[in-house]
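Please open the structure in your viewer and keep the selection tool at hand.

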Amino acid sequence: MSRYRDHSRRFEAVAARRGNNPGSAEVIPFQGPLRELELEPTVRETEVLQLISEGLVNREIGQRLFLSEETVKSHVRHLLAKLQARSRAHAVAVGFRRGLIG
């Protein structure tokens with residue numbers, strides 16, 4: 001994220017310098033990516049996390065929740081990002097610590 005903030009600061013500095021030159025082109029301010037890390041897991045993602053903690057694999061989670069395996073994979077990717085976890089096991093540990101699963 002710090003890389004994006006640095007880019008934003010550089011763009012803003014260039015825009016400020018060009019603001020004094022009437023013939024210069026307008027610089028559109030940089031907006032970073034969605035701040036997915038600040039979001040809480042959805043109810044469905046929490047259900048997926050609970051099933052991961054029970055030792056189920058994506059195929060089994062999909063069968064339990066009536067989802068495709070690809071949808072489960074997507075939920076797992078979002079969970080890892082939101083919980084800032086490096087693996088499924090790490091996500092489960094973070095989920096327990098944060099009280100998301102019991």
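Predicted model: local features only at pLDDT ≥ 70, side-chain atom pairs only at ≥ 80, totals over all residues.

Residues are numbered from 1 along each chain as its sequence is written, and side-chain values use heavy atoms, with hydrogens and water left out.

First, select Glu-45, which is found in helix H2 (residues 43-53); helices are DSSP runs of H or I with at least four residues, numbered from the N terminus. Glu-45 counts as buried because its relative accessibility is 4% (buried means under 20% relative accessible area, with a 1.4 Å probe and protein chains only). A polar atom of the Glu-45 side chain lies 2.9 Å from the backbone nitrogen of Thr-42. Leaving aside residues up to four places away in sequence, Glu-45 touches His-75, His-78, Leu-79 and Lys-82 (contact means heavy atoms within 4.5 Å).

Next, display H2 together with H3. Their axes, lines fitted to C-alpha atoms over the stretch in contact, are 10 Å apart and pack at an angle of about 125 degrees. H2 contributes Arg-44, Glu-47, Val-48, Leu-51 and Ile-52 to the contact, and H3 contributes Ile-61, Arg-64 and Leu-65.

Finally, select helix H3 (residues 58-65) and helix H4 (residues 69-83), whose axes come within 8 Å and cross at roughly 105 degrees. H3 is therefore roughly perpendicular to H4 (65 to 115 degrees). Here Asn-58, Arg-59, Ile-61 and Gly-62 of H3 meet Glu-69, Val-72, Lys-73 and Val-76 of H4.

Key. Axes fitted to C-alpha atoms, helices over the stretch in contact; angles between N-to-C directions. Helix = DSSP H or I, 4+ residues; strand = E, 2+ residues; numbered from the N terminus. Parallel < 35°, antiparallel > 145°, perpendicular 65-115°, else oblique. Buried < 20%, exposed > 50% of the residue type's maximum accessible area, 1.4 Å probe, protein only. Polar contact = N/O pair within 3.5 Å; in protein donor to acceptor, adjacent residues only side chain to side chain.
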